[in-house]
Amino acid sequence: MEYLYQAGKPNGKKFILLHGTGGDETSLVELAKVLDPDSTILSLRGEVNEEGMNRFFKRNGLNQFDFESLEKETDNLHDVIKQISQEKGIALEDWILVGYSNGANIAAHLLLERETALAKGIFFHPMSLEVHTQSFDLADKTIWVSYGGVQDPIVSDLSFSTLVSAFRDRNAEVAAVKTTHGHQVTMEEVQNAREWLKG
Ligand code: MLT
C-alpha cells in the first residue's frame, strides 16, 4: 500500500488518514495539521482504482458496495496498519483514525467488524454499510462523527443514524455532529473535531 509518513512532535496526536473517493495520501494532510499541528501522520492510499479514482474498497455504482472487496480490503488495511505501527514503534491504541467518506466508511467498518486495539476515530461523513455480523463490546472505542444534513446527496439521515446506533448499542462513546453543508467537509466541522480532541 502506498503511504506517506510524517513524524510529528512527541506529544502530538498520531493520525492515520484515509481519504475519500478520488483522493490520495496527500488529501487530508492539511486537515490533520489543523486538528493538531504537532501530529504524526500515517496517510494511506486506497488500492482500488475506479476509473482513475482511488478508493479503499470496490463499489458497483453510488452506494452499491462490493462486500467481498470490503472484507478483503478491511483485512488488508488492518494488516498494513499493524505492520507499519510495529515498524514505527507506535502502539495501535495510540492512533486516531481520521477518514472522509469512503475512508471513513472503511475505518468505521474496521472498528465494528474486526477485533482491534485501534480505539479512536474521527469520521467525516460516514454512512452505515449495513454489515452487522459482530457483537463484541466496543466500550474501549471513542469516535467523533459528522453528517452533512439533508443537503448531503450521498449519506442519508437514516444511514448516518444507523451507523451511530451500531456504535452506541455496543457501548462505544460517540460524539455526533450535524452540519448543513452537504457532503463536503467544512472548517466549522474540523474545528469541532479539534475541540473534541482537546477535551
Ligand atoms: C464515496 O463516494 O466515497 C461514497 O460516498 C462512500 C463510499 O463509496 O464509501
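I'll start with a network: E50, R55 and R59 are linked by salt bridges, a salt bridge being a side-chain nitrogen of Lys or Arg within 4 Å of a carboxyl oxygen of Asp or Glu. Before going on, note that this is a predicted model, in which local features need pLDDT of at least 70 and side-chain atom pairs count only at pLDDT 80 or more, while totals for chains, interfaces and linings use all residues. Residues are numbered from 1 along each chain as its sequence is written, and side-chain values use heavy atoms, with hydrogens and water left out.

Salt bridges, then. The structure holds eleven of them. One of these pairs D38 with K9, with 3.6 Å between the closest N and O atoms. This pair links distant parts of the chain, 29 residues apart: D38 sits in the loop between α1 (29-35) and β3 (40-44), and K9 in the loop between β1 (3-6) and β2 (14-18). The helices (H or I, at least four residues) and strands (E, at least two) are DSSP runs, numbered from the N terminus. D38 is partly exposed, at 30% relative accessible area, and K9 is exposed, at 52%. For those words, buried means under 20% relative accessible area, exposed means over 50%, and partly exposed is in between, with a 1.4 Å probe and protein chains only.

A second pair is E73 with K72, at 3.7 Å from N to O. Which partner is buried and which is exposed? E73 is buried, with a relative accessibility of 9%, whereas K72 is exposed, at 58%.

K82 and D79 are three residues apart in helix α2 (residues 67-88), so about one helical turn separates them. Both ends are partly exposed: K82 has a relative accessibility of 37%, and D79 has 45%.

Next, the interior. Nonpolar side chains tend to be buried together in soluble globular proteins. I use "nonpolar core" for a set of buried Ala, Val, Leu, Ile, Met, Phe, Trp, Tyr and Cys residues joined through side-chain atoms within 4.5 Å. The largest such core has 41 residues, and those touching the most other members are I16, L44, I81, L97, L118, F123 and F167. Two or more residues each come from β2, β3, α2, β6 (95-100), α3 (102-113), β8 (142-147) and α4 (157-168). Which element gives the most to this core? That is α3, with seven residues.

Take F123 as an example. Leaving aside neighbours within four places in sequence, F123 is in contact (heavy atoms within 4.5 Å) with residues including L97, G99, A104, L111, W144 and V145. Apart from this core lies another, of 20 residues, among them L17, L28, A32 and I122.

The search uses a 1 Å grid over the protein atoms alone: a cavity is a set of points where a 1.4 Å probe fits but cannot get out, a pocket is an open set with protein on both sides within 12 Å along at least five of seven lines, and lining residues have an atom within 4 Å of a point. Grid points are joined across faces, edges and corners, and a volume is the space filled by probe spheres set on the points.

The largest pocket has a volume of about 170 Å³. Its lining is made of 17 residues, with T21, R55, R59, S101 and I154 nearest the centre. R55 and R59 also belong to the network I opened with.

How many cavities of 30 Å³ or more are found in the whole structure? There is one. The largest cavity has a volume of about 70 Å³, and its lining includes N105, H109, M127, E130 and L163. Helix α3 gives the most to that lining, with four residues.

Last, backbone angles. Most residues other than glycine have a negative phi. N63, in the loop between β5 (53-55) and α2, has a positive phi of about 60°. N171, in the loop between α4 and β9 (173-178), has one of about 75°. N63 is partly exposed at 26% relative accessibility, and N171 is partly exposed at 49%.
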